[in-house]
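Visitor: I would like to learn how to read a structure feature by feature. Please take one feature at a time.

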Amino acid sequence: MIKGSCLCGGVRFEINRADGPFELCHCRRCRKVSGAAFVAGLGVRTKDFRLLAGGDLISTYEAPILECPPAYRTSFCSRCGSPVPSPAPGAQWFEIPAGLLDDDPALRPDKHIFVELKAPWFEIADDLPQYDKPSLYGLRKLTHEGS
C-alpha cells in the first residue's frame, strides 16, 4: 500500500498501486491550484484508491468549462487547504497530487504537459518529453485507440 495525507493529516488515503501516467501539468488552472510552476499528478485507478479518514473535510470546486467538458474539478482539505484526491462519481481513473504521497509510488514523472502555458519565470531543465495541447491530445487519442 502507498499511503498519503494532507498537510494537517486530517485527510488520509491509500492506494494499492499507481498506474500512471505521472504528468507535470503546466496549465494555468493547475498552476493556480498548486501555487507552483506545475502540478505533479499521478494517475490511479479509482478501484485502487481508499479514503481512510477525512471525507468530511474534503471540499470540491468545479471551475467553469473553458472549451469543452469536463469542467476543471479540484478538491482540497477545508482545514489546511491542501489539494486532496477525490475521484469524480463514476470515474474509473483520476489523478492524485503526487506531493501528498507519504510513500514512494515506484513511478517517476514521465512527461510535461501543456508546456505552451508554462509560467514565464520557470524553465524546464530536465529531459522528459514535453507536450503542448495538440500533441498531448494526439498522444491520448493514440493511447485510447490502442487500449
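Visitor: Is Cys77 buried or exposed?

Guide: This is a predicted model, and the answer is read from relative accessibility. Buried means under 20% relative accessible area. Cys77 has 1%, so Cys77 counts as buried. Cys6 is also buried, at 5% relative accessibility.

Visitor: How many disulfides does the structure have?

Guide: The test is the separation of two cysteine sulfur atoms, which must lie within 2.5 Å. A search of the whole structure gives zero disulfides. For Cys77, the closest cysteine sulfur is that of Cys80 at 3.8 Å, which is too far for a bond. For Cys6, the closest cysteine sulfur belongs to Cys8, and 3.6 Å is again too far for a bond.

Visitor: Which residues have the most contacts inside the largest nonpolar core?

Guide: In soluble globular proteins, nonpolar side chains tend to be buried together. Here the largest nonpolar core has 13 residues, and those with the most contacts inside it are Phe13, Ile15, Leu42, Val44, Phe49, Ile96 and Leu101. Strands β2, β4 (39-45) and β8 each supply at least two residues of this core.

Visitor: What does Phe49 touch?

Guide: Residues up to four places away in sequence are left out of the list. With that done, Phe49 touches Phe13, Glu14, Ile15, Val44, Pro85, Pro87, Phe94 and Ile96.

Visitor: How many residues of β4 are buried?

Guide: Five of the seven residues in β4 are buried, so the strand is mostly covered. For its pairing, look at the bridges. Strand β4 runs antiparallel to β3, and four bridges join the two. Within this pair, Leu24 has Ala40 in β4 as its bridge partner. Strand β4 also pairs with β8 in the antiparallel sense, over five bridges. There, Arg45 stands opposite Trp93 in β8.

Visitor: What is the strand order in the open sheet of three strands?

Guide: The order is β1-β2-β5, with antiparallel pairing. Strands β1 (2-5) and β5 (49-53) stand at the edges, and each has a single partner strand, so one side of each is left without a neighbour in the sheet. From one strand to the next, the twist averages 25 degrees. Four bridges join β1 to β2, and Lys3 has Glu14 in β2 as its bridge partner.

Visitor: Now the backbone. Which peptide bond is cis?

Guide: Read the omega angle. The bond from Gly20 to Pro21 is cis, with omega near 5 degrees. Pro21 sits in the loop between β2 (12-15) and β3 (22-25).

Visitor: What is the phi of Ala106?

Guide: Ala106 has a positive phi of about 65 degrees although it is not a glycine. Ala106 lies in the loop between β8 (93-97) and β9 (111-113). With 65% relative accessibility, Ala106 counts as exposed.

Visitor: Where is Phe114, and is Phe114 buried or exposed?

Guide: Phe114 is in the loop between β9 and β10 (130-131). Its relative accessible area is 13%, so Phe114 is buried. Phe114 has a positive phi of about 55 degrees and is not a glycine.

How values were computed: Residues are numbered from 1 along each chain as its sequence is written. This is a predicted model: local features need pLDDT of at least 70, side-chain atom pairs count only at pLDDT 80 or more; totals for chains, interfaces and linings use all residues. Side-chain values use heavy atoms; hydrogens and water are left out. Buried means under 20% relative accessible area, exposed over 50%, partly exposed in between (1.4 Å probe, protein chains only). A nonpolar core is a set of buried Ala, Val, Leu, Ile, Met, Phe, Trp, Tyr and Cys residues joined through side-chain atoms within 4.5 Å. Contact means heavy atoms within 4.5 Å. Two strands pair if DSSP finds at least two bridges between them. Axes are lines fitted to C-alpha atoms, for helices over the stretch in contact, and angles run from 0 to 180 degrees between N-to-C directions.
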